[in-house]
Structure formats: structure tokens, C-alpha cells
Amino acid sequence: MSKVADIATKLATPIVDQLGYELVDVEYVSEHKDWYINIYIDKTGGITFDDCETVSRALDPIFDEAD
């Protein structure tokens with residue numbers, strides 16, 4: 001795991017847990033010269049688009065601050 005993915009995991013884990021999801025994986029990947037952090041979550045019954053949006057909105061300000 002990359003250093004960025006390690007930091008993202010440490011930042012995301014308590015938030016994801018607090019929201020009631022399981023953090024499955026974190027990736028820091030390059031796509032067409034841009035870098036992205038992919039956060040994979042799960043919960044009983046599966047994940048919906050709304051779940052992804054909830055986690056993304058909760059993590060955005062934390063990742064922005066840690067930038």
C-alpha cells in the first residue's frame with residue numbers, strides 16, 4: 001500500500017465506522033495523469049449509490065484538510 005493510501009485509510013476508518021460501514025480497501029491510483037483515492041465500503045445488505053455519496057461527503061472535508 002502506498003503512503004497516501006495508508007494516510008487515507010487512517011483518516012477514513014473512524015468516519016466510515018461511525019457511519020456504520022465497513023472500510024474494505026483504499027487505493028491510490030493514477031488514471032490519465034490524474035491521481036485518485038478510491039475508497040471501498042460495505043455493509044450488510046449491500047451498498048447503494050446513496051451510501052457512496054454519504055461516505056464521500058463525510059470524507060471530502062477531511063481529505064481536503066489533510067491535503
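Me: Leaving aside neighbours within four places in sequence, which residues is Ala-12 in contact with?
Reply: This is a predicted model, and in it Ala-12 sits in helix α1. Its relative accessible area is 0%, so Ala-12 is buried. Once neighbours within four places in sequence are set aside, the contacts of Ala-12 are Leu-23, Ile-39, Leu-59 and Phe-63.

Me: And how far is Ala-12 from Leu-23 in space, C-alpha to C-alpha?
Reply: Leu-23 is on the contact list of Ala-12. In sequence the two are 11 residues apart. Going from C-alpha to C-alpha, the distance in space is 7.9 Å.

Me: Where does α1 bend, and by how much?
Reply: Helix α1 covers residues 3-18 and has 16 residues. From first C-alpha to last it reaches 24 Å, close to the 22 Å expected. Pro-14 follows the bend within four residues. The bend is at Ala-12, and its angle is about 35 degrees.

Me: What covers the buried residues of α1?
Reply: Start with who is buried there: Ala-5, Ala-8, Ala-12, Ile-15 and Val-16. The cover over these residues includes β1 (22-31), β2 (34-42) and α2 (49-66).

Me: Which element gives the most to the largest nonpolar core?
Reply: That core has 12 residues, among them Ala-12, Leu-23, Leu-59 and Phe-63. The elements giving it two or more residues are α1, β1 and α2. With five residues, the top contributor is α1.

Me: OK, over to α2. Where is its kink?
Reply: Helix α2 has 18 residues and reaches 25 Å from its first C-alpha to its last, close to the 26 Å expected. The kink is about 30 degrees and comes shortly before the proline Pro-61. Its position is Leu-59.

Me: What do the buried residues of α2 pack against?
Reply: The buried residues in α2 are Asp-51, Val-55, Leu-59 and Phe-63. As a set, the buried residues of α2 pack against α1 and β2.

Me: Is Asp-51 buried or exposed, and which side chain does it join in a polar contact?
Reply: Asp-51 lies in helix α2. Its relative accessibility is 7%, so Asp-51 counts as buried. Leaving aside neighbours within four places in sequence, its contacts are Tyr-21, Ile-41, Lys-43 and Gly-46. The polar contact between side chains is 3.1 Å, and the partner of Asp-51 is Lys-43.

Me: How many aromatic pairs does a search of the whole structure find, and why is the pair of Tyr-28 and Trp-35 called what it is?
Reply: The search finds one aromatic pair. The ring centres of Tyr-28 and Trp-35 are 4.7 Å apart and the planes are at 25 degrees. Planes under 30 degrees apart count as stacked, so the word for Tyr-28 and Trp-35 is stacked.

Me: Is His-32 buried or exposed?
Reply: His-32 lies in the loop between β1 and β2. Its phi is positive, about 55 degrees, although His-32 is not a glycine. Relative accessibility is 77%, and the cut-off for exposed is over 50%, so His-32 counts as exposed.

Me: What about Lys-33: what is its phi?
Reply: Lys-33 is found in the loop between β1 and β2. With a relative accessible area of 81%, Lys-33 is exposed. This is a residue other than glycine with a positive phi, and the value is near 70 degrees.

How values were computed. Residues numbered from 1 in each chain as written. Predicted model: local features only at pLDDT ≥ 70, side-chain atom pairs only at ≥ 80, totals over all residues. Heavy atoms only, no water. Expected span 1.5 Å × (residues − 1). Bend = angle between axes of the 7 residues up to and from the residue. Buried < 20%, exposed > 50% of the residue type's maximum accessible area, 1.4 Å probe, protein only. Contact = heavy atoms within 4.5 Å. Polar contact = N/O pair within 3.5 Å; in protein donor to acceptor, adjacent residues only side chain to side chain. Phe/Tyr/Trp six-rings, centres within 6.5 Å; stacked < 30°, edge-to-face > 60°. Core = buried A, V, L, I, M, F, W, Y, C linked by side-chain atoms within 4.5 Å.
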